[in-house]
Amino acid sequence: MREATDFEGRWGGMSVAGQSSGRKTVVAGALGECVHVAGVVGFLRLAEQAGWRTVFLGPAVSVEDFLQAVRREGADLAGVSYRLTPETGERLLGEFAEAADELRAAGVRFAFGGTPPVAERARAMGFFERVFDGSEPSDAVLAYLKGVRAGARGEGDYPQTAIERIRWKSPYPIFRHHFGLPTMEATLEGIAEIAQARALDVISLGVDQDAQENFFHPERQSPRARGAGGVPVRSPQDYRALYQASRRGNYPLLRTYSGTNDFLRLAQVFVETINNAWCAIPLFWFNEMDGRGPWDLEGSIREHQKVMAWYGERDIPVEVNDPHHWGMRDAPDVIFVVSAFLAAYNARAFGVRDYIAQMMFNSPAGVSDAMDLAKMLACLRITEPLQGPDFRIWRQTRTGLLSYPLHPAEARGQLAASVYLQMALRPHIVHVVSHSEAHHAATADDVIEACGLARRAVENALRGGPDMTADPVVQERAEELVAEAHVTLQAIADLAAPHLDDPYVDPATLAMAVTRGILDAPHLRGGRWAPGHIASRVDSRGACIAIDPETDRPIAEKTRIARILRGAKSLTST
């Protein structure tokens, strides 16, 4: 083995001969006359991330020198690369396999990487336990190096809880995608196809409205609306069938939304049938205010808190997905940030230990990338003090539903660009939203393609993307939002009755914050609960700000709140 050069030293600790750290050891190089080592270096970088001690043999390594290095280093795994003529490579690999047979019999593992034509011949030899042809995503190679061998077929080969999967796949985020077609048959086939393709880590079941609201009340279900908005699940057996369809490929986790009625009964069904990866529940939504459920505002808040507590008792992660519901209704950015704090605060208060912070970008659709990033940083900063040994925050990002253009090529561009921007937050979970969503609900093929687009954006970012959060404009806006959010939070606290110890978890106080207009959105005008009097627009920076509806000029949160409170006092005095 030749000595390591300065170039090799830059690859983060690849070992030279004789070094040992007690870890498993992998040696890798380009065989014979092949001098192409970029793939070898990439493989060893991933091996280091997976905890291996790595030894880089370099280009043009003879069979004899290669195997001598395997013996000298006590290698557990040897990575062989060849990227030249397939016919020459086949003969050389045959010579290598014959000479290495004794080592393989002794337990040394061998993997191969090369061009697809050479890889095809290497695979046909049956000597290598894994053959890579360059089409595999980096996270699949990393999974192999973390212990998932070729031909892995059981759940035990893939972590089956959300937190374990996040840690196992790090530094790559796990992928989640929404999926549910109008029939059980089509959805079962699609889940099987997605799982077999190893496209993502979490399938979020999209079920129809009757499954969310009337699962336990068949007499209320409408045959006409069957399959509207998702798969028509009608029994625990249906959920079990969907779960079984996923038991292949990379064994993705399943999860679903918490429904809009009979919350705790549904939670029990979800955990028993699909091993619900995590709970997703709003604090203020999915009720009469948005027309998606039968509950009044205060009653639904109370019920949603019970659901958080139920999952918290069972150490199942919880996502409280409020912020983007305000953003999608054109609420100013400060309302988005305040709702992010209240969501995390309530999750912690009701016993959740692992909290998934949902951050939907592009909501509303007109915000700029810089201001979008600033808003998400503000959400993270205002919730950071809540973290501790018993409350962990896991970052989840997604592309905004309303941001996709109808043109397919432009939609694909939006998906990739948005995911690249999201990577500035180093998310633990990327909720991939298919480029097809502006036109139709994603099919299995759409999901697989969307995940491919997102994966490439993630890999590009992890290879050394710029730190977009360091932009002074982004930092200034984030600080501005945190300061304004504290004004709004204080106004909510001031609504509480004097005897209350904690207004931020009191359903009556939280509901009053909405009915008084402290938490408000323009799209809620005309509804029963929120006044919808707040006005907003996207300013020249690309930030969504509150404006005076009479002058169309920006209005500070302190001024807006003061006007609301003055209006309430005048109504009381009359």
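1. α2 (38–49), β3 (77–82), β4 (109–114), α6 (138–145) and α17 each supply at least two residues to the lining of the largest pocket. Helices here are DSSP runs of H or I with at least four residues, strands are runs of E with at least two, and both are numbered from the N terminus. The largest share of this lining comes from α2, with nine residues.

2. On provenance: this is a predicted model, in which local features need pLDDT of at least 70 and side-chain atom pairs count only at pLDDT 80 or more, while totals for chains, interfaces and linings use all residues. Residues are numbered from 1 along each chain as its sequence is written, and side-chain values use heavy atoms, with hydrogens and water left out.

3. The largest pocket has a volume of about 1,100 Å³. It is lined by 39 residues, of which Gly 39, Gly 42, Phe 43, Leu 46 and Ser 138 are the closest to its centre. A pocket is an open set of points on a 1 Å grid over the protein atoms alone, with protein on both sides within 12 Å along at least five of seven lines; lining residues have an atom within 4 Å of a point. Grid points are joined across faces, edges and corners, and the volume is the space filled by probe spheres set on them. By class, the lining has 19 nonpolar, twelve polar and eight charged residues. Nonpolar covers Ala, Val, Leu, Ile, Met, Phe, Trp, Tyr, Cys and Pro; charged covers Asp, Glu, Lys and Arg; the others, Gly among them, are polar.

4. The second largest pocket has a volume of about 680 Å³. Its lining has 32 residues, and the closest to the centre are His 178, Tyr 257, Arg 292, Arg 398 and Leu 401. β6, α9 (209–213), α13 (323–327), β11 and β13 (429–432) each give at least two residues. β6 has the largest share, three residues.

5. Two cavities of 30 Å³ or more turn up in a search of the whole structure. A cavity is a set of grid points where a 1.4 Å probe fits but cannot get out. Of its 14 lining residues, Ala 340, Tyr 355, Ala 357, Gln 358 and Cys 379 are the closest to its centre. The elements giving two or more residues are α14 (333–349), β11 (354–360) and α15 (369–383). This lining holds twelve nonpolar, two polar and no charged residues.

6. The second largest cavity has a volume of about 30 Å³. Asp 139, Lys 169, Tyr 172, Pro 173, Phe 175, Arg 455 and Val 458 line it. By class, they are four nonpolar, no polar and three charged.

7. Helix α8 (residues 184–197) has 14 residues and reaches 20 Å from first to last C-alpha, close to the 20 Å expected at 1.5 Å a residue. The expected span is 1.5 Å times one less than the number of residues. Met 184, Thr 187, Gly 190, Ile 191, Ala 192, Ile 194 and Ala 195 are buried in α8; buried means under 20% relative accessible area, exposed over 50%, and partly exposed in between (1.4 Å probe, protein chains only). Their cover includes β6 (174–179), β7 (202–205), α10 (236–245) and α17 (444–462), with contact meaning heavy atoms within 4.5 Å. Just after α8, Arg 198 takes a positive phi of about 55°.

8. The structure holds 30 salt bridges. Each is a side-chain nitrogen of Lys or Arg within 4 Å of a carboxyl oxygen of Asp or Glu. Glu 90 and Arg 121 meet in one, at 2.9 Å, N to O. This pair links distant parts of the chain: Glu 90 lies in α4 (residues 86–105) and Arg 121 in α5 (residues 116–125), 31 residues apart. Glu 90 is partly exposed at 38% relative accessibility, and Arg 121 is partly exposed at 28%.

9. Glu 73 pairs with Arg 72 in a salt bridge, the closest N and O atoms being 3.8 Å apart. Glu 73 is buried, at 7% relative accessible area. Arg 72 is partly exposed, at 39%.

10. Glu 303 forms a salt bridge with Lys 306, with closest N and O atoms 3.2 Å apart. The two are three residues apart in α12 (residues 297–313), so about one helical turn separates them. Glu 303 counts as buried at 15% relative accessibility, whereas Lys 306 counts as partly exposed at 39%. Elsewhere, salt bridges that share partners join Asp 333, Asp 372, Lys 375, Arg 477, Glu 480, Asp 539 and Arg 541 into one network.
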